[in-house]
2 protein chains.
Amino acid sequence: MKTVSESRCFGGVQGVYTHASQATGTEMTFGLFLPEQAEDGPVPVLWFLAGLTCTHENAMIKAGAQRWAAEYGMALVFPDTSPRGPGVPNDEAYDMGQGAGFYVNATEGPWAKHFRMWDYVTDDLPHLVFNTFPVDESRQAITGHSMGGHGALTVAMSFPGRFASVSAFAPMTNPSVCEEWGRRQFTAYLGRDESLWGQYDATVLMRKRGFDGPMLIDQGTADQFLEHLRPEALATAVAERRQGAILRLQKGYDHSYFFVSSFIEDHIAFHATALHG
Amino acid sequence: MKTVSESRCFGGVQGVYTHASQATGTEMTFGLFLPEQAEDGPVPVLWFLAGLTCTHENAMIKAGAQRWAAEYGMALVFPDTSPRGPGVPNDEAYDMGQGAGFYVNATEGPWAKHFRMWDYVTDDLPHLVFNTFPVDESRQAITGHSMGGHGALTVAMSFPGRFASVSAFAPMTNPSVCEEWGRRQFTAYLGRDESLWGQYDATVLMRKRGFDGPMLIDQGTADQFLEHLRPEALATAVAERRQGAILRLQKGYDHSYFFVSSFIEDHIAFHATALHG
């Protein structure tokens, strides 16, 4: 692991690091915020999975999360959204290839070799983080934005007991049935057998398993991508399952980080309650 | 004026706008945050002048200012740092030309025609803002980062009575005597007659005039540009003048927006006290 930068931030340290990932077979970059409390021992951690076109940097600089992570004594991890670099395939579309890993393990075509973001965020990077930093593996929570909200929800439901709580900002909720943000990418990454897609679909997973812990989802009503995100699909599944959850439709908010930053305080307080409780 | 985007943000609106500037003779872009309180009538305003290489966007997305501006009912204006576009001269160095207007009215060479950022931030843009938005011209404060801290301090001291308070993050304080960030640019923009430089030098202005209101300056002790910023020059001038001021050296913080965002809450609370008091 190499240190790209470390900056003092709200009494803690905002670092950026690179490492050779076994999952993706590439060098990966991530951001990690450690609050001041980490000087006295391991702190709980909130994973933040970012959306399409993002790197490790977007949420790290735009979400305003460090202010509240510092207050609640919580580490933050900001993974990248795909492998990158020489030899890594890409696509002209902003929503395929680099910057658009969709948090799946690709099995098809040119993608299968490097696009293993599921393993990266659930195994490879956690292994590095818990072995390197004063972060408490027994106190984890996860959140994300858009494609990263999809990642947070699917990861949380797939590892029962790992995360105390899950939240999401404007998540893609039902990619298996969304042509633009889902079917196109799943076909490319996973192939045409749709029975393999459900493991990466929050609505499908909600119907099958749900999440054993508190769940918070914020969705702006002026989001320009509402038809791709399909909040109604997950809302229906949550209600039908009687899943403990708070779903908030935030009037007038769009898909931007101005929306995320407006509610990050609530999300971090929500996770802090679950983690410290 | 044209609207580039408007996003709901902390109950208010974060807008980005362009307009034809008389001062620079170019199209200029700026960000403006209006808190929810502006729906009920004009609100006070805090100007945020950004640093080298920045556009209107950097502080708008990285400083975390909207959270606190919303709480205190304050508008925020984020001007660009230079003219841009076809026909506008530039320089290969990151600290000359586009992105490096230094908040002066250039009089020399290729710069004189467009590089009139002093007039832009003190006359042209205020005129537009106060005639277009529910912002109260009688309740203004100003802050800035690095080159923008230099801008905030020099503008505040040059318009007595206009600003209730001034603050700065890691400001350039004494550009007339700093070769790297000051003398090189002032020579290019203003010419070799150094007697014309003092009007744009916060330390010189502090010795001559000071500021009739509260002043807050934060400076990180791990700032990689300390030798260019020269906090000791302004500190000496402040102390010798008995200027009412709070100068804080923040241990371990560098020059980044991780530093700015760590203390923006304090700065906005500080300005709110001056503006609402």
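Ala, Val, Leu, Ile, Met, Phe, Trp, Tyr, Cys and Pro count as nonpolar, Asp, Glu, Lys and Arg as charged, and the others, Gly among them, as polar. By these classes, the lining of the largest cavity has six nonpolar, two polar and one charged residues. The model described here is predicted.

**Aromatic pairs**

- Over all chains, the structure holds 37 aromatic pairs.
- One of them joins A:Phe186 and A:Tyr200: the ring centres are 6.5 Å apart and the planes stand at 65°, so this pair is edge-to-face.
- A:Phe186 belongs to helix α5 (residues 179-190) of chain A, while A:Tyr200 belongs to the loop between α5 and α6 (202-208) of chain A, so the pair ties together parts 14 residues apart in sequence.
- A:Phe186 is buried because its relative accessibility is 0%, and buried means under 20%.
- A:Tyr200 is buried too, with a relative accessible area of 4%.
- Chain B has an edge-to-face pair of B:Phe186 and B:Tyr200, with 6.5 Å from centre to centre and 65° between the planes.
- This pair links distant parts of chain B: B:Phe186 is in helix α5 (residues 179-190), B:Tyr200 is in the loop between α5 and α6 (202-208), and they are 14 residues apart.
- B:Phe186 has 0% relative accessibility, so it counts as buried. B:Tyr200 has 4%, so it counts as buried as well.
- In chain A, ring pairs link A:Phe48, A:Phe78, A:Phe169, A:Tyr253, A:Phe259 and A:Phe263 into a cluster.

**Charges over rings**

- A:Arg67 places its charged end over the ring of A:Trp68, 4.1 Å from the ring centre.
- A:Arg162 lies over the face of A:Phe159. The distance to the ring centre is 4.1 Å.

**The cavity**

- There is one cavity of 30 Å³ or more.
- The largest cavity has a volume of about 30 Å³.
- Its lining is made of B:Trp47, B:Val121, B:Thr122, B:Pro126, B:Gln140, B:Ile142, B:Val155, B:Arg162 and B:Phe163.
- The most comes from α3(B), which gives three residues.

**The largest pocket**

- The largest pocket has a volume of about 790 Å³.
- It is lined by 47 residues, and those closest to its centre are A:Lys62, A:Ser256, A:Tyr257, A:Phe258 and B:Ile61.
- From chain A, α1 (57-62), α2 (66-72) and α9 (257-276) give two or more residues to this lining.
- From chain B, β1 (2-9), β2 (12-20), α1 (57-62), α2 (66-72) and α9 (257-276) also give two or more.
- By class, the lining of the largest pocket has 22 nonpolar, 17 polar and eight charged residues.

**The second largest pocket**

- About 480 Å³ of space lies in the second largest pocket.
- Its lining has 24 residues. B:Lys62, B:His145, B:His255, B:Ser256 and B:Tyr257 lie nearest its centre.
- At least two lining residues each come from β1 (2-9) and α1 of chain A and from α1 and α9 of chain B.
- The largest share of this lining is three residues, and they come from α1(A).
- The lining of the second largest pocket divides into ten nonpolar, eleven polar and three charged residues.

- B:Ser262 is in helix α9 of chain B.
- The relative accessible area of B:Ser262 is 11%, so this residue is buried.
- The side chain of B:Ser262 reaches the backbone nitrogen of A:Phe10 at 2.5 Å.
- A:Thr26 is in the loop between β2 (12-20) and β3 (27-34) of chain A.
- A:Thr26 counts as buried because its relative accessibility is 9%.
- The side chains of A:Thr26 and A:Thr24 are joined by a polar contact of 2.7 Å.

Conventions:
Residues are numbered from 1 along each chain as its sequence is written. Chains are lettered from A and ligands numbered from 1 in the order in which they are written. This is a predicted model: local features need pLDDT of at least 70, side-chain atom pairs count only at pLDDT 80 or more; totals for chains, interfaces and linings use all residues. Side-chain values use heavy atoms; hydrogens and water are left out. Rings of Phe, Tyr and Trp (its six-membered ring) pair if their centres lie within 6.5 Å; planes under 30 degrees apart count as stacked, over 60 as edge-to-face and the rest as tilted. Helices (H or I, at least four residues) and strands (E, at least two) are DSSP runs, numbered from the N terminus. Buried means under 20% relative accessible area, exposed over 50%, partly exposed in between (1.4 Å probe, protein chains only). A charge sits over a ring if NZ of Lys or CZ of Arg is within 6 Å of the ring centre and within 35 degrees of the ring normal. On a 1 Å grid over the protein atoms alone, a cavity is a set of points where a 1.4 Å probe fits but cannot get out, and a pocket is an open set with protein on both sides within 12 Å along at least five of seven lines; lining residues have an atom within 4 Å of a point. Grid points are joined across faces, edges and corners, and a volume is the space filled by probe spheres set on the points. A polar contact is a pair of N or O atoms within 3.5 Å; within protein, one must be able to donate a hydrogen and the other to accept it, and residues adjacent in sequence count only if both atoms are side-chain atoms.
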